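Morning, everyone. I'll take a few minutes on charged side-chain pairs in one model. Please have a look at it first.

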Amino acid sequence: MDETSDLYRDAVRQAHDLLRWRSPLRAELWASRLAAEWHDDEEAARAFVERAAHEDTPEARLVLAALASIGQPPAAEPATEETSTGPAEEGTNARDTSAGEPRADDETSADDETSAVDETSAVEGAVSVETRVGETPSSDETSVGETPSSDETSVGEATANMEARVGKTTASEGPAVRWMRLMGQAHPEGAWYGTADPYGEQALAVISFVYPNGKEPHLAVVGIDQASGGFAVDAMIEEPKFLDDLDVRPADPVRVAGRIIDAFELTDAIMGAPVADTFPNARAIVLARARTAERSAAGAGEAGAGEAGTGEAGTGEREARAGEARARAGEGAGVGGRPFEAEGAAGQGEDSSRGSESRRLSPDDTVERFDDLPDVPGASEAFATLVEFVGDRPSWWSPARVTQFITSWLPREAIMSEAAIDAMPQVLRAWTRHLGDHPELRARVEADSRDLPLLMADGLRFSLAKRLRLAEREHRGTDR
């Protein structure tokens, strides 16, 4: 309890300063950092929230409002979408203008609640002071208030009951109150996805946000380790100009948000996952942003991906092109003579850590953008086999991955026609060009492809699943 008391006293001092800044982004970043202090400690979270609920002060109300705006502390049950929209309609965290007494005489309009600080400097300050902060929320609640005192009250109940004591304000409320309504209300404006290194061993998922008043634009950025299964290794809130230095492409916000959420879930599932020092403090706000983007952009459906493109062929057209290649492969020998679906047994196809298919569609359009298929017999079948291997992480193409595909996975898992085996080196050269044409990759493709026909004919390399599929095909052929 002493540690909780110290944390609370520090939080009150910081809240006093934040009331003068009137910056929703600063407040949410601060709340996310606070939430990280009680990671997986429900007792500490309950003590912190209950103490804030008992103290009817502007600082205490800001503590509760800011925490709830990022879904902290996690509630017992997920909040409904109706609850998540509460602040915009019901009022978020103040009974009257006393929450901002230091600036109560300010007559600024609702669009100018952050006028105390220059817009650009406010965002830069928020990013530089508390950029990487947070802990994983399990609900999307943004309504706030105070909870009744009870030793039996759970953290979830305390959070859910915040609404009960929210002060109802009127049109006469001052700007010192109105700025708090913006917390949790940042909406997505765009999304990007790409690689963080030449071989795509780490990916970057980026979503841009801005508040309803058009101020404090910012980016939620997540680093995803593709080579280790796709879990999140870093997260941060950055200024929009940070995007200028990234090798990312416009993508569907729903898919990017889904990939972020999946990556966070994988990180949670891996005990001792190696993450950046900045990651724990950034979890709550970044994950809350991803959930907001997935929820708010979902209404646009998959059509949003085409609108997020760069003027090239739409997503539907690119997917159709890739689908045609897969279908043609299925008509031939295909991969194991089965419909084009990645198997968990393949090991290196679709993310085996989550089963045969991802819970959400991938934002990585590397396969859909590929339009350099060689015009040789068996090329479509070879390409479909490659697509099965790369799964939902197609931009990860390193020298080690090339060797693994050619010398290990293909002989062990794939059943291809002779034409497809002969075409595979040309398909891999084209794929390597598509992913940057790095000299190391070209050299590895050439070196490992020389013995591909011999490797594919070596029965000692076949997996049990491949042997069974071959036996089944032979049996069907005998029956005919």
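Helices here are DSSP runs of H or I with at least four residues, strands are DSSP runs of E with at least two, and both are numbered from the N terminus. This is a predicted model, in which local features need pLDDT of at least 70 and side-chain atom pairs count only at pLDDT 80 or more, while totals for chains, interfaces and linings use all residues. Residues are numbered from 1 along each chain as its sequence is written, and side-chain values use heavy atoms, with hydrogens and water left out.

A salt bridge means a side-chain nitrogen of Lys or Arg within 4 Å of a carboxyl oxygen of Asp or Glu. The structure has 19 of them.

Start in helix α1, residues 2–21, where D17 and R20 sit three residues apart, about one turn of the helix. Their side chains form a salt bridge at 2.6 Å, N to O. For burial, under 20% relative accessible area is buried, over 50% is exposed, and in between is partly exposed, using a 1.4 Å probe and protein chains only. D17 is partly exposed at 36%, and R20 is partly exposed at 38%.

Next, R249 and D365 form a salt bridge at 3.9 Å, N to O. That pair links distant parts of the chain, 116 residues apart: R249 is in strand β5 (247–250), and D365 is in the loop between α13 (315–331) and α14 (366–369). Buried or partly exposed, which is D365? D365 counts as buried, at 16%, while R249 is partly exposed at 24%. R249 and D365 also belong to a salt-bridge network with R369.

Last, D458 pairs with R461, the closest N and O atoms being 3.3 Å apart.
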